[in-house]
Amino acid sequence: MAEQLSLAAVRDALIREEDSIVFALIERARRPRNAAAYAPAAGADDGRSLAEFFVREAEVLQAKAGHYQKPEDVPFFPQDLLSPLFPSKGYSKVLHSFASSVSVNDAIWKMYFNELLPLFTVDDDDDYYAETVALDFACLKALSRRIHYGKYVAEVKFKDAPQDYSPLIHAKDTDALMNLLTFKAVEEKVKKSVEKKARIFGQNVTLEDGADKQEGNEDDSVCKVNPKVLSELYDQWVMPLTKDVEVEYLLRRLD
Ligand SMILES: O=C(O)C(=O)C[C@]1(C(=O)O)C=C[C@@H](O)C=C1
């Protein structure tokens, strides 16, 4: 995240993350549900599923390569990780030092597998399990990153109005903090934006004249992921979880 923190810059970063989420979901939607990849696997440690095995192992590798150093990159299985093996320049620390420990990944994990997957994958099995869980990992990472950007949003909002936030933080007034950081008009725009991206990115491109759909004349049934699923995902989970991150960060901001 840029050193110069402003609400506009952070919102731009959130908009950019929309692209990653929409693309990741479109890629995952190429495969059917493949439920066997999520069931406890015979012979695996502690009856883990292939999906859990893959995410754990992928995070171990990525951490060794230097990932998970920034507060927006939060691992799903932090207990398994080793320090980076390669030096990096580091990143500018614009957030409070506890920021890395703020995580809603458990909620993201449950939401993704229990609620979201059935909404945008066909209930079938094509036996491409390894590819499927790699695609799931991409979706989980994109969602987690976007949601944990809430830490930056919270920091900017606090810096812009410490006089409004501080009393609520001292009083640990979670509901009032939630109200103060909520902008319903922005949320409506975000939902429309992400729905539109799903409609545009998820089209089949053809070279025949007039075959491409014009805007305003969309047929959502031919989109690779139903655009309404994207606006629902943001409405029900992505924005509420981002706000949970914001509140959790703010509650500890004056420690
Ligand atoms: O843009 C903000 O102010 C945010 O806090 C981000 C966000 C979002 O998740 O997109 C969350 C809460 C606001 O109500 C609006 C949007």
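# Notebook: helices, loops and a ligand shell

I started with tyrosine 112, which sits in helix α3, residues 105–120. I kept in mind that this is a predicted model. Leaving out residues up to four places away in sequence, I listed what tyrosine 112 touches: Leu117, Cys139, Leu140 and Leu143.

**Entry: α3 against α9**

I stayed with α3 and turned to its packing on α9. The two helices pack at an angle of about 170°, and their axes are 12 Å apart. An angle over 145 degrees counts as roughly antiparallel, so that is how α3 runs relative to α9. Which residues make the contact? From α3 I noted Ala107, Ile108, Met111, Leu116, Leu119 and Phe120, and from α9 Val229, Leu233, Trp237 and Leu241. Sorted by class, this contact has ten nonpolar residues, with no polar and no charged ones.

**Entry: α5 and its cover**

Next I went to helix α5, residues 150–160. How many of its eleven residues are buried? I got eight, and α5 is mostly covered. The buried ones are Gly150, Lys151, Tyr152, Val153, Ala154, Glu155, Lys157 and Phe158. I then asked what covers these buried residues of α5. The cover includes α1, α4 (129–148), α6 (162–170), α7 (174–181) and α9.

The axes of α5 and α9 come within 8 Å and cross at roughly 55°. The two helices are therefore oblique to each other, and I noted their crossing as right-handed. On the α5 side, Gly150, Lys151, Val153, Ala154 and Phe158 take part; they meet Thr242, Lys243, Val245, Glu246, Tyr249 and Leu250 in α9. By class, the contact of α5 with α9 holds six nonpolar, two polar and three charged residues.

**Entry: α1 against α8**

I looked up one more helix pair. At what angle do α1 and α8 pack? The answer is about 45°, with the axes 10 Å apart. That angle makes α1 oblique to α8. Their crossing is right-handed. I wrote down the contact residues: Ile15, Glu18, Asp19, Val22, Phe23 and Ile26 of α1, with Ser193, Val194, Lys197, Ala198 and Phe201 of α8. The class count for α1 with α8 is seven nonpolar, one polar and three charged residues.

**Entry: the ligand shell**

With α1, α8 and α9 in hand, I moved on to the ligand. Which residues come nearest to the ligand? Of the 13 around it, I found Thr182, Phe183, Val186, Met239 and Thr242 to be nearest. I noted that α1 (7–28), α8 (184–201) and α9 (227–251) each supply at least two residues of the shell. Of the contributors, α9 gives the most, with four residues. By class, the shell around the ligand has seven nonpolar, two polar and four charged residues.

Most residues other than glycine have a negative phi. Asparagine 34 is not a glycine, yet its phi is positive, about 55°. I placed asparagine 34 in the loop between α1 and α2 (50–64). Asparagine 34 counts as buried because it has 24 C-beta neighbours inside 10 Å.

Tyrosine 68 also has a positive phi, near 70°. Where does tyrosine 68 lie? I found it in the loop between α2 and α3. With 16 other C-beta atoms within 10 Å, tyrosine 68 is partly exposed.

My last stop was serine 49, in the loop between α1 and α2. Serine 49 is partly exposed, with 19 other C-beta atoms within 10 Å. Not counting residues up to four places away in sequence, serine 49 touches Ala37, Tyr38, Ala39, Pro40 and Ala41. I checked tyrosine 38 in particular: tyrosine 38 and serine 49 are eleven residues apart along the chain, and 5.1 Å separates their C-alpha atoms.

How values were computed. Residues numbered from 1 in each chain as written. Predicted model: local features only at pLDDT ≥ 70, side-chain atom pairs only at ≥ 80, totals over all residues. Near = placed C-beta within 6 Å. Nonpolar A, V, L, I, M, F, W, Y, C, P; charged D, E, K, R; others polar. Axes fitted to C-alpha atoms, helices over the stretch in contact; angles between N-to-C directions. Parallel < 35°, antiparallel > 145°, perpendicular 65-115°, else oblique. Left-handed = near helix turned anticlockwise from the far one by under 90°. Contact = placed C-beta atoms within 7 Å. Buried ≥ 20, exposed ≤ 12 C-beta atoms within 10 Å, placed from the backbone.
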